[in-house]
2 protein chains.
Amino acid sequence: MTTDPPLSPAPQPLEIRPVARFRSPVEGKFGLPRQAGIAENLRGEIVLEQEWNSPEALRGLEGFDYLWLIWGFSLNRESRPGQLTVRPPRLGGNVRVGVFASRSPFRPNPLGLSSVKISSIDPRKGVITVLGADLADGTPIYDIKPYIEYADSHPGVRSGFTDGSSWRRLEVIVPEEVAVRLDALFSPQDREALKEILAEDPRPRYQNDPQRVYGLKFGKREILFRAEGDTLIIINID
Amino acid sequence: MTTDPPLSPAPQPLEIRPVARFRSPVEGKFGLPRQAGIAENLRGEIVLEQEWNSPEALRGLEGFDYLWLIWGFSLNRESRPGQLTVRPPRLGGNVRVGVFASRSPFRPNPLGLSSVKISSIDPRKGVITVLGADLADGTPIYDIKPYIEYADSHPGVRSGFTDGSSWRRLEVIVPEEVAVRLDALFSPQDREALKEILAEDPRPRYQNDPQRVYGLKFGKREILFRAEGDTLIIINID
């Protein structure tokens, strides 16, 4: 095949339209899990756009445990065209790898790919509730496909720079008075999801100021916290 | 979350551009494996478009065994907009399932998703050779992402209608004179891939005429065959 002439002419662009939007307690990029499956208890909803909102379009999906979402990195309007390398947070944010060797949002086409666990399906409303998504609230979804084990699951394969570099998980401390507020404001599952998000250390890699107070938007509230060493403490909820 | 007002307004379309094109011995839809991984020996090449053709863009990819391709169903220009259900060949072609419960090419946005095995990488040429792809020759590729085991691999999950309905594999018969020609025209791996493709029975589901001669384009040649019962026989190579 390598003796063939170069491919030409350049193929045409393609216009794609959202088929659904995502609803999540996580509103912005800050606090968003860095990959699907990291915050296992994080619930979100896939809400079909009107054009596709029919029980027919979901028929048979109840037989699957997982699905794929192809979605838009809509929070990266400052996308960097032509950028060939990125610096994954997993590598501390200062090692460059090729854009096609990373799942970074800064890529030629702003498309994300996530496998999420199906929690429940409401075909009448056109809503699929899922667990473990890394999509922020309002994210446009361009395709929903069932996860097919024989084609998609490759246990034990080498996964490059993600293999050796496991995250340091933080211990999340919830003072008594904060715990009371958390209990009042959130469901047990949402509280669990929030702790999973905080344990993954949402701070930018290069920041390590124990005095600094961070605010994470979660479920229409702002979660204020500080972190030092291997510990993160929730200070208050606004 | 379900008490929120309906999402509005409808999100904007997104224009995406190919970052690469695929080179395969399979030229059309006929004979294309129906999912990635089915024809394990089928070699193909991901050829980066000029804009992204740099060793930098692939740096670090050598540490991964698999990658994801988000690609265009470019052979389905007759795509059926608004179609809510499809009839998967796996179910014999006459049972309807929702478009979001299937991997059918006839979907709202003509995007395909395939995990393929990396065979070799030539960063200088901007070519990644892969095995097991279900992309036809010339297919536009919109994104290349590394396969990350911890986020992507879910062994043992339920996979809906694909679980119970394994393909009937055909026995492929190669008469002596055809075998000589195959040996002369194709590499051992390409011969193996061709047999894998034929064993999967590329005929449309509803066709079962033992006299009919089919022509499958493979590696610039046309493979003529007939099929009856559990047997497929290669008649000639044009």
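Strands here are DSSP runs of E with at least two residues, and helices are runs of H or I with at least four residues, both numbered from the N terminus. The model is predicted, so that local features need pLDDT of at least 70 and side-chain atom pairs count only at pLDDT 80 or more, whereas totals for chains, interfaces and linings use all residues. Residues are numbered from 1 along each chain as its sequence is written, chains are lettered from A and ligands numbered from 1 in the order in which they are written, and side-chain values use heavy atoms, with hydrogens and water left out.

**Exercise 1. Work out which strands close into the barrel of chain A, and how β7(A) pairs with β8(A).**

Step 1. Two strands pair if DSSP finds at least two bridges between them.

Step 2. In chain A, 6 strands close into a barrel in the order β2-β3-β8-β7-β4-β9, with antiparallel pairing. From one strand to the next the twist averages 45°, where axes are lines fitted to C-alpha atoms (for helices over the stretch in contact) and angles run from 0 to 180 degrees between N-to-C directions.

Step 3. Between β7(A) and strand β8 of chain A (residues 127-131) there are 5 bridges in the antiparallel sense, and A:Lys117 stands opposite A:Leu131 in β8(A).

**Exercise 2. Describe the burial and the pairing of β3(B).**

Step 1. Strand β3 of chain B (residues 43-48) has 5 of its 6 residues buried.

Step 2. β3(B) pairs with strand β2 of chain B (residues 20-23) over 4 antiparallel bridges, and B:Arg21 has B:Val47 as its bridge partner.

Step 3. β3(B) also pairs with strand β8 of chain B (residues 127-131), over 5 antiparallel bridges, and here B:Arg43 has B:Leu131 as its bridge partner.

**Exercise 3. Relate chain B to chain A, and examine A:Arg107.**

Step 1. Copies are superposed by least squares on the C-alpha atoms of residues with pLDDT of at least 70 in both. A rotation of 180° with 0.0 Å of shift along its axis places chain B on chain A at an RMSD of 0.0 Å, which is the relation of a two-fold axis.

Step 2. Since 100% of the interface residues of chain B are also interface residues in chain A, the copies meet through the same surface.

Step 3. A:Arg107, in the loop between β6 (97-98) and β7 of chain A, counts as buried at 3% relative accessibility.

Step 4. Taking contact as heavy atoms within 4.5 Å, and leaving aside neighbours within four places in sequence, the contacts of A:Arg107 include A:Phe73, B:Asp143, B:Ile144 and B:Lys145. The side chain of A:Arg107 also reaches the backbone oxygen of A:Ser102 at 2.8 Å.

Methods
Buried < 20%, exposed > 50% of the residue type's maximum accessible area, 1.4 Å probe, protein only. Polar contact = N/O pair within 3.5 Å; in protein donor to acceptor, adjacent residues only side chain to side chain.
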